[in-house]
Amino acid sequence: ITMEAEEQQQPWKTDFYLELPKVELHAHLNGSISSNTMKKLIAKKPDLKIDDQMTMIDKGKKRTLEECFQMFQTIHQLTSSPEDILMVTKDVIKEFADDGVKYLELRSTPRRENATGMTKKTYVESILEGIKQSKEENLDIDVRYLIAIDRRGGPSVAKETVKLAEEFFLSTEGIVLGLDLSGDPTIPNQKKETQMLLDLLPDRIGHGTFLNSCEGGSLDLVDFVRQHRIPLELCLTSNIKSQTVPSYDQHHFGFWYSIAHPSVICTDDKGVFATLLSQEYQLAAETFNLTQSQVWDLSYESINYIFASDSTRSELRKKWNHLKPKVLHF
Ligand SMILES: [Zn+2]
């Protein structure tokens, strides 16, 4: 009997995935809104006639990528004021903390709404206020913010956002940590764009779906990412429900994990895709036959890829080591 088989035979605690301390590095604020919070937002804006089926993809259901982007348009109508953004930020942080997430990097594109007077600046400030208030409530979670640039906005909007990010990067003492380049990936010349972005040597890559796929992907792109050991943020349910990967067992997590490439399991949009980070770990483990200690290592190693400072990394490692005997019940 192999070590692995022996370990497999150990009974898994039912709440193992919940108790597992976790790091979430790819979570869009507006996509992470739970159905509970969504109901509160809908109740505030009955005139919009939106129901929560329009903002969430239930278990077993799928949407096209285009339909997913339309869902975000609907959600944005519901989060149109600084007060909405504050409430949403606080709720999302609380839910991640309840799911055992100890370190969270939230990302969101600053948005202006003329109807409510929300500016890109007050948008960012509302998120920062939500992070601050959550900290004051002593939740066991360290939260940071990545300012996102939606490529659909074009270069002038992107420049404006970089300036805003720079300002907050300097004034928030590590809460605003970096930039996220996002938006609809279905553009012409995908391969050329991917290579251009890779040449900038990003600190992490979200999804990486098109690196291995036949249409956009190629061996040189995969090799480049391997050679530079650029960590990947992998979101299983997101890819299945948005139909960018045909099934869980065909997810590229399998490939990257098998070559021991730095990979971090993330939710992407826990609200829209009706999932939790604990559930994503469970799906990865069950699909790719990971043992409890492999799941533990996957979570522990994700600390290496956070954008916060080395001292935060050491604190998190201490926390993980402290929890290890309890979670793995040695
Ligand atoms: Zn994403």
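1. A word to start with: two residues are in contact if their C-beta atoms, placed from the backbone, lie within 7 Å. Keep that in mind for S302, which, leaving aside its neighbours within four places in sequence, is in contact with V23, L25 and V264. Please also remember that you are looking at a predicted model.

2. Is S302 buried or exposed? A residue counts as buried if 20 or more other C-beta atoms lie within 10 Å of its own, and S302 has 23 of them within 10 Å, so S302 is buried.

3. Now step back to the whole protein. There are 15 helices and seven strands to trace. The C-alpha atoms fill a box of roughly 65 × 45 × 40 Å, taken along the principal axes. The radius of gyration is 19 Å, which agrees with the value near 20 Å that a compact globule of 330 residues would have.

4. Take the contacts between residues at least 6 apart in sequence: 78% of them join residues at least 24 apart. Of the 330 residues in the protein, 37% are buried.

5. In soluble globular proteins, nonpolar side chains tend to be buried together. Here the largest nonpolar core holds 63 residues, and the members touching the most others are L104, Y145, I147, L234, I265, C266 and Y281. Strand 3 (residues 142-150) gives this core its largest share, six residues. Do have a look at L234: leaving aside its neighbours within four places in sequence, L234 is in contact with F253, S263, V264, I265 and C266.

6. The axes of helix 5 (residues 82-98) and helix 6 (residues 120-136) come within 8 Å and cross at roughly 40°. The crossing is right-handed. Which residues of helix 5 meet helix 6? They are P82, I85, L86, T89, K90, I93 and K94. Their partners in helix 6 include Y123, I127, E129 and I131. Taken together, the residues of this contact divide into seven nonpolar, six polar and three charged.

Methods. Residues numbered from 1 in each chain as written. Predicted model: local features only at pLDDT ≥ 70, side-chain atom pairs only at ≥ 80, totals over all residues. Core = buried A, V, L, I, M, F, W, Y, C linked by C-beta atoms within 7 Å. Buried ≥ 20, exposed ≤ 12 C-beta atoms within 10 Å, placed from the backbone. Helix = DSSP H or I, 4+ residues; strand = E, 2+ residues; numbered from the N terminus. Rg over C-alpha atoms; globule rule 2.2 N^0.38 Å. Axes fitted to C-alpha atoms, helices over the stretch in contact; angles between N-to-C directions. Left-handed = near helix turned anticlockwise from the far one by under 90°. Nonpolar A, V, L, I, M, F, W, Y, C, P; charged D, E, K, R; others polar.
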